[in-house]
Amino acid sequence: MDQRLPDRQLSDQQLSDRRLPDQQLSDVRLALCELWQAFGAAALLVRYGSDVPWPHASWAREAHGALTPRLRSVVALARPRGRIPSFLTGGVTSRKAGVADELDGLARVSVGLVRDELAREYPQAFTDPLIAALVRDPEAQLGYLAVELSNFWRTAIEPRGVGLARSLEEEILFRSRTLAMGGGAALLRELGIPAGRTDGVDRVTAVPMLFADGTHWWSVADGRTVVSFAARGAGLLHTAPEPDGPGRPSREDRLAILLGRGRASVVRELAVPITTSALADQLGLAASTVSQHLSALVSAGVVQRHRAGTRVLYELNRSGVTLTQCLMNR
């Protein structure tokens with residue numbers, strides 16, 4: 001008989017202190033979930049309001065009006081322990097499902113499952129009228145939630161969808177190398193995911209999120225733990241200020257003032273791992289010019305390069321991220 005205490009009886013410190021031997025992690029996967037991207041975006045807005053720090057600041061100013069009281073309640077439900085209800089986890093199982101399919105699945109979740117999980121895992125949340133309504137009438141309330149998440153996705157996330165999809169696919173490819181060469185335990189260590197977040201099971205799915213506030217959101221469904229991690233590349237959510245005049249950076253664009261407009265534009269694109277030729281195409285610059293900028297940034301210690309198969313990818317390192325955060329927050 002399994003003698004482990006239910007995780008709701010363990011403190012966050014106890015969860016972090018639990019260790020899972022490498023050999024137990026026999027089934028670790030990477031997957032994408034648009035529904036979790038929407039949840040992460042809503043969580044950022046709930047936590048910071050319209051004053052979300054860089055690189056999400058300009059996005060948050062545009063997206064804040066899309067947040068609804070129901071979305072706030074769902075985020076508040078998960079916030080104390082970082083545990084997302086399992087009825088928001090279904091889309092994680094397939095990398096091919098889009099947000100429409102995931103929301104359709106959400107609206108058809110078993111009424112009994114919703115009531116049982118809310119009563120077992122989130123009893124403290126019943127004082128919220130919207131959560132209490134979810135317990136009384138799960139079918140109708142999940143339908144409302146699906147509609148509001150759909151509207152939130154269309155308003156706050158879809159306008160940046162192409163960049164998001166590209167960045168997340170690159171993240172999956174990059175992390176797959178660690179998974180293939182080092183195994184599941186090595187991947188979780190690289191992502192900084194506490195062993196306790198695996199809930200003591202050996203079936204784990206890691207989900208990259210561009211909308212992240214440092215929380216490792218997690219959930220358990222069908223014997224598999226799903227846990228999120230902050231993907232590199234969130235800098236693409238920053239919208240550069242318009243210049244004050246021809247050829248002149250805005251007085252608020254401190255990154256361009258320090259580095260020059262050309263090099264600053266390179267730095268902004270390096271939020272996502274990218275090759276020299278792809279970067280040149282995106283910026284409309286000569287490959288030789290981009291190569292010079294990259295060499296200078298590598299020498300300055302703010303950009304790193306690594307090989308992925310036959311490609312050489314460039315991206316901001318920790319110092320580069322810190323630099324952009326300092327100069328691009330207002």
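Predicted model: local features only at pLDDT ≥ 70, side-chain atom pairs only at ≥ 80, totals over all residues.
Begin by selecting Arg175 and Glu171: both of these residues are buried.

**First stop: a pair within helix α9**

With Arg175 and Glu171 selected, display their side chains, which meet in a salt bridge with an N to O distance of 2.8 Å. Next, colour residues 161-182, which form helix α9. Arg175 and Glu171 both belong to this helix, where they stand 4 residues apart, about one turn of the helix. Side chains of opposite charge can pair when their charged atoms come close.

**Second stop: a pair within helix α6**

Move to residues 111-121, which make up helix α6. Select Asp116 and Arg120 there; their side chains form a salt bridge at 2.5 Å, N to O. These two residues lie 4 residues apart in helix α6, about one turn of the helix. Arg120, with a relative accessible area of 33%, is partly exposed.

Keep helix α6 in view and select Glu121 together with Arg81. Their side chains meet in a salt bridge of 3.7 Å, N to O. Arg81 lies in the loop between α4 (69-78) and α5 (99-107), whereas Glu121 lies in helix α6, so the pair ties together parts that are 40 residues apart in sequence. Arg81 and Glu121 are both buried.

Finally, show helix α8, residues 138-157, alongside helix α6. How are the two helices arranged? They pack at an angle of about 90 degrees, and their axes are 9 Å apart. Since an angle of 65 to 115 degrees counts as roughly perpendicular, α6 and α8 are therefore roughly perpendicular to each other.

To see the contact itself, select Val111, Val114 and Arg115 in α6, which meet Pro138, Glu139 and Leu142 in α8. Of the residues in this contact, 4 are nonpolar and 2 are charged, while none is polar.

Technical notes. Residues numbered from 1 in each chain as written. Heavy atoms only, no water. Axes fitted to C-alpha atoms, helices over the stretch in contact; angles between N-to-C directions. Parallel < 35°, antiparallel > 145°, perpendicular 65-115°, else oblique. Contact = heavy atoms within 4.5 Å. Nonpolar A, V, L, I, M, F, W, Y, C, P; charged D, E, K, R; others polar. Salt bridge = Lys/Arg side-chain N within 4 Å of Asp/Glu carboxyl O. Buried < 20%, exposed > 50% of the residue type's maximum accessible area, 1.4 Å probe, protein only.
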